[in-house]
Each structure stands twice: as C-alpha cells, then as structure tokens.
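Have the viewer open as you read.

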Amino acid sequence: MKIEQKSDPFLCRKFNRKRSNTISALKRKNLNLIKMVEAYKSSVELDQDKETHLTRLTKDASRCANFSLYGNDNATSDITYFASVMCGNKVCFVCNYARQKRVRRKYFRWFKDNKTLYEIGKGKSRRYCTRSRFATHFAPRGYQVISEQPYDIMHLTLTVPHYSGTGFNGERYYYEILAGIFHNMRNEAKGWNELVYGGEYGIETTQNENGLNIHIHSILFVKQCTQNRNRVHRLILKEWNRRTVNRDNPREAFTETAIDSILKSNRTINRNYVKDLNPKGTTMINLEMIYSYDQGIKVRTTDFNSQEMLRAVMEAIKYHFEPLAFDKENKTFDLDLMAEIMPVIYKKQLYKKFGCLHGEKSLNLKEDDTLREDFEESAGLIDEETGELYPEYSFFVANPAFVYHDPKDNNKIYMSKEGKRRLKKINAFTVIAAVSQLGNMVKAQYHNKTKN
C-alpha cells in the first residue's frame, strides 16, 4: 500500500482530529435521523415496500461507523482516529461525507493525470479515450495515438415536461425512460461525436408542484473550438426537445414570452430554429462552462491542478454524494419523498460514464474502498517506507457517537464515560493488522446476527 507522506505531522494530526470530529457529528445526525424516521413511520400508514426500506435505513444508519478504529499513543495518551466501517446507504450522513471525500480524491488525481485526451485510430476507426484506458485496453488491440486533444468541461442539466398524477407520458417513475432517451441522443444525434468526447451523468429526484422532478446532471468533455458551448447547447436542445414530447403537455404553441426565453438561452438561436421545436417537448436545458471565481468575478477554469478547478467540478457532480430526498434550502429531509422513491430506485443504476470515460475504472465509486482510503488519509502519521505508524499505539474500536473533541485544543479527541465502557480493545501491533481485525469483527458480528 503506497502512502503519500505529509510534510508536517502537526498539520496532519490537526486534520485527523477535524476528520474525527466530523465523523462523530455526522454519527449523531444519523441518530437524530433515525428518530425522525421512526416517528414518521408511526404517524402514517405505509405499504410493505415503504416500511421495509425505511426499516433498512434505520438499521443501516444505526450501525454505520459503530465500528471505528482509534489508537491511543502509548507515549502521550493522545487518541488518533483511523477509519470506520460504513453502511453505504445513500441517505446516511456519514456515508455521504465519505463518498464526497472519495469522489474528490479520485477526480483530483484523474484530472492531474488527464489534462488532454487521446485521439486514437486503427485503420479507418477513430475514437477518443483516456491515457490509462489506452494503455490497458486499446494499445493491446492495435490502436495508435493520433493526437492529444485538450477539452473544456461543461455541466449539463436535462429535464422533461412532467405533471402531478401523470408524470412523463403516464409514467410516474420514469428513471429508465430518461436514461434511455439520453442514451439514444448520444448515439443517434448527428454531430454529437464531433463535439462531445464523453462524460458521465447521474439521475436526481426532487419534488415540486408538478410532482416528481426526475432529471439528469451530466459532466461533458467538449472539444475546444469557437463558441463550443453555444454549438453543443444548440445541438442538445433540438435533439432533446423532439425526444421528450409529453402528450399531456397542454401547450400547443409558443407564446412570445416562451420564444424570448429560448432565444436568450443561446445567442446563435433564431426564430426559425424555434419554429422547428415542438411546444410539447422540453424547451429549456441548462449548459454552462465550468467556472471558478477570482475576486467575485466568474473566470474560465483551465488549471487542472488547482483547487478552483476541483471545487467547480465538485459542484457539478455533487449528485454523487448528496443525501437522497434532502431539501437543500431548509436542510431537512422530505420523508414523504424518501419513503416513496427508496423502493423504486433500490439497486437501480442511476449513474453512468460514457464516451471517453466508459470503462475508466479509476473513477469507479466502490463502497468497500472506504477503509483503505481512510487509512491513506492518516498519511503523515505513517512511515513512508514501511507503511506503519511512527508512534506505538494501543488500538481499540469505538462508536464515534461517544467520542468528543475539544475545539479549544485543536479538536483533541476524548472518550466519554459511555464510550470507554463500550470500547473494544484490539490486540495488534500494526495499523494494518488492526484494520484487518476490525473487518473481521464486523463480519463476525453481522454473520452471527444473520445466522440467528
């Protein structure tokens, strides 16, 4: 296991304590969420599916991070946090935080190594791919690199006309239909492959006066050329409009206000273009360049190694780690929405990579990476050569809900009386062995519960 050494052990310890404090706070949020869900379950009549999935949520959130690994420095008695075993539930506060950290790490590393894409060919065949994908997949099959292509990153949001009671063309839950339309557009739209190298997308659900708003957020890697945003927008609007006609849409013709809105979305669009659009289909899409801000002014982000670039990308792909049915404005969960859609989206693929990102394993999100990546975040406390901790530690497992931090002393970690009573010591001399035993403890506990 390769560990990146951090230069300042004090800063690393400060970061570690801050991370520990975050996990403890989110674990307590989980406990409050469980109370809310239990109260909701007792106040409304639920069908079996909704009851089952809400019960699964409370079980997941209650056990998430209960097995967290800490170490007590034998010389100073300082406590260090290392890693937690998590539940993977998309409503869980702890898991969404961990997912955000994983996404940030993966994309930061990826953009650092992929400032350009490869245009490759074999005979008359031409396509675009990433460097790692070329080395592992295309080079062995005889493809050659023709050129390196820079790209712009754009954030695309796509919706469809939908209505309370009828949804989209009579389908209340139109996840598969939406994904299918997007797939068809990418494969069939003339000019798509000349402008868009690839990207990824996720499907998000919110609720408004028209019922469930199931929509797509997508990151596009776009060819660098004059007015590329307007060219891509013009292409997608036309193609998406004709594919998203909703027979329940009462609009038969465009008003002047609607025409003006469409014209304002793209300065290369004229009234003749608008005439070719179907009033019953989507007429507004959102496509914007990835930007950062310099002294309050929006500027185009081109430095792929910058924190500004990473923040801009994270804002665009936040659907990876935002809690399900969470109202961002009020900072509360919509429990009615949660109960309704949890059974519908259970085990459904709501995220996909396409084009040049298809098969790019380095951007895959695996829940079982959490322990390993938490361990990597302890870098700076770990010997670069051996992968072991500098100080000698006595390891133990504890529930972070019973762990507290002193904000006046750089979030120094303390165990509460209840935490000390409940903790379980681990007989290990290395952090690698301690992590291994942590995994075995979890397997043993939940295997025995399943058997019983």
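Helices here are DSSP runs of H or I with at least four residues, numbered from the N terminus. Keep in mind that this is a predicted model, where local features need pLDDT of at least 70 and side-chain atom pairs count only at pLDDT 80 or more, while totals for chains, interfaces and linings use all residues. Residues are numbered from 1 along each chain as its sequence is written, and side-chain values use heavy atoms, with hydrogens and water left out.

Now the geometry: the axes of α3 (residues 93-113) and α10 (residues 307-316) come within 10 Å and cross at roughly 125 degrees. That makes α3 oblique to α10, since angles under 35 degrees count as roughly parallel, over 145 as roughly antiparallel, 65 to 115 as roughly perpendicular and the rest as oblique. The axes are lines fitted to C-alpha atoms over the stretch in contact, with angles from 0 to 180 degrees between N-to-C directions.

Next, Arg17, which sits in helix α1 (residues 9-43). Arg17 counts as buried because its relative accessibility is 9% (buried is under 20% relative accessible area, exposed over 50%, partly exposed in between, with a 1.4 Å probe and protein chains only). Beyond residues up to four places away in sequence, Arg17 touches Asp78, His405, Asp409, Asn410, Asn411, Lys412 and Ile413, contact being heavy atoms within 4.5 Å.

Finally, Glu340 belongs to helix α11 (residues 335-345) and, at 12% relative accessibility, counts as buried too.

Key: Helix = DSSP H or I, 4+ residues; strand = E, 2+ residues; numbered from the N terminus.
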